Amino acid sequence: MYKGQSGMWSWLLHRITGLGILLFLFIHIVDVSMLSFGAGVYNQSVTLFDYWIVRLLSLALIGAVLYHAFNGVRIMAIDFWRKGSRYQRVMFWIVLAVTIIVFIPMAYVIMVPAFHWLTQAPHTTAGR
């Protein structure tokens with residue numbers, strides 16, 4: 001129906017980011033449930049977040065949340081604004097631009113501490 005136009009990509013990205021956010025929710029529930037096994041087990045499980053690959057996954061989550069939220073606003077504008085469907089393609093590109101603009105500073109904050117860990121093992125927080 002969409003034949004590769006912006007409406008199709010918007011729909012597809014919205015579903016994929018929604019599923020990614022749902023997957024994170026399940027991981028978060030498991031992570032928080034580690035508290036029931038004691039502080040030591042929880043502290044050891046949290047050290048996983050010191051690895052740079054997990055930081056990249058966190059960035060993917062942040063990008064998914066940003067796109068999903070901004071695209072949700074775009075969908076509401078299309079639904080509730082009479083001229084919304086006329087401007088849906090422009091709003092799609094605006095959503096992508098705003099997502100990238102907001103994402104870049106967050107990526108910097110999350111990844112800068114990981115750069116020195118590329119050559120070192122992560123520290124353990126279990127001894128704190």
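Visitor: Is the crossing in which helix 1 passes helix 4 left-handed or right-handed?
Guide: In this predicted model, helix 1 passes helix 4 in a left-handed crossing.

Visitor: Which residues of helix 1 and helix 4 meet?
Guide: Ser6, Gly7, Trp9 and Ser10 of helix 1 meet Gln88, Arg89 and Phe92 of helix 4. By class, this contact holds 2 nonpolar, 4 polar and 1 charged residues.

Visitor: Why is Ser10 called buried?
Guide: Ser10, which is found in helix 1 (residues 6-33), has a relative accessible area of 1%. The limit for buried is under 20%, so Ser10 is buried.

Visitor: What joins the side chains of Ser10 and Asn71, and how do you know that the name applies?
Guide: A polar contact of 3.1 Å joins these two side chains. The distance criterion is a pair of N or O atoms within 3.5 Å, and the value of 3.1 Å meets that criterion.

Visitor: With which residues is Ser10 in contact, leaving aside its neighbours within four places in sequence?
Guide: Ser10 is in contact with Tyr67, Asn71, Arg74 and Phe92.

Visitor: What makes helix 3 and helix 4 roughly antiparallel?
Guide: Their axes come within 9 Å and cross at roughly 155 degrees. Angles over 145 count as roughly antiparallel, so helix 3 and helix 4 receive that description.

Visitor: Is the crossing of helix 3 and helix 4 left-handed or right-handed, and which classes of residue make up their contact?
Guide: The crossing is right-handed. The contact of helix 3 with helix 4 has 22 nonpolar, 4 polar and 2 charged residues.

Visitor: Why does Ile53 count as partly exposed?
Guide: Ile53 lies in helix 3 (residues 52-80), and its relative accessibility is 46%. Buried requires under 20% and exposed requires over 50%. The value of 46% lies in between, so Ile53 counts as partly exposed.

Visitor: How far apart are Ile53 and Ala114 in sequence and in space?
Guide: Ile53 and Ala114 are 61 residues apart in sequence, and their C-alpha atoms are 9.1 Å apart in space.

Note on methods
Residues are numbered from 1 along each chain as its sequence is written. This is a predicted model: local features need pLDDT of at least 70, side-chain atom pairs count only at pLDDT 80 or more; totals for chains, interfaces and linings use all residues. Side-chain values use heavy atoms; hydrogens and water are left out. Helices (H or I, at least four residues) and strands (E, at least two) are DSSP runs, numbered from the N terminus. Buried means under 20% relative accessible area, exposed over 50%, partly exposed in between (1.4 Å probe, protein chains only). A polar contact is a pair of N or O atoms within 3.5 Å; within protein, one must be able to donate a hydrogen and the other to accept it, and residues adjacent in sequence count only if both atoms are side-chain atoms. Contact means heavy atoms within 4.5 Å. A crossing is left-handed if the near helix is turned anticlockwise from the far one by less than a right angle, and right-handed if clockwise. Ala, Val, Leu, Ile, Met, Phe, Trp, Tyr, Cys and Pro count as nonpolar, Asp, Glu, Lys and Arg as charged, and the others, Gly among them, as polar. Axes are lines fitted to C-alpha atoms, for helices over the stretch in contact, and angles run from 0 to 180 degrees between N-to-C directions. Angles under 35 degrees count as roughly parallel, over 145 as roughly antiparallel, 65 to 115 as roughly perpendicular and the rest as oblique.
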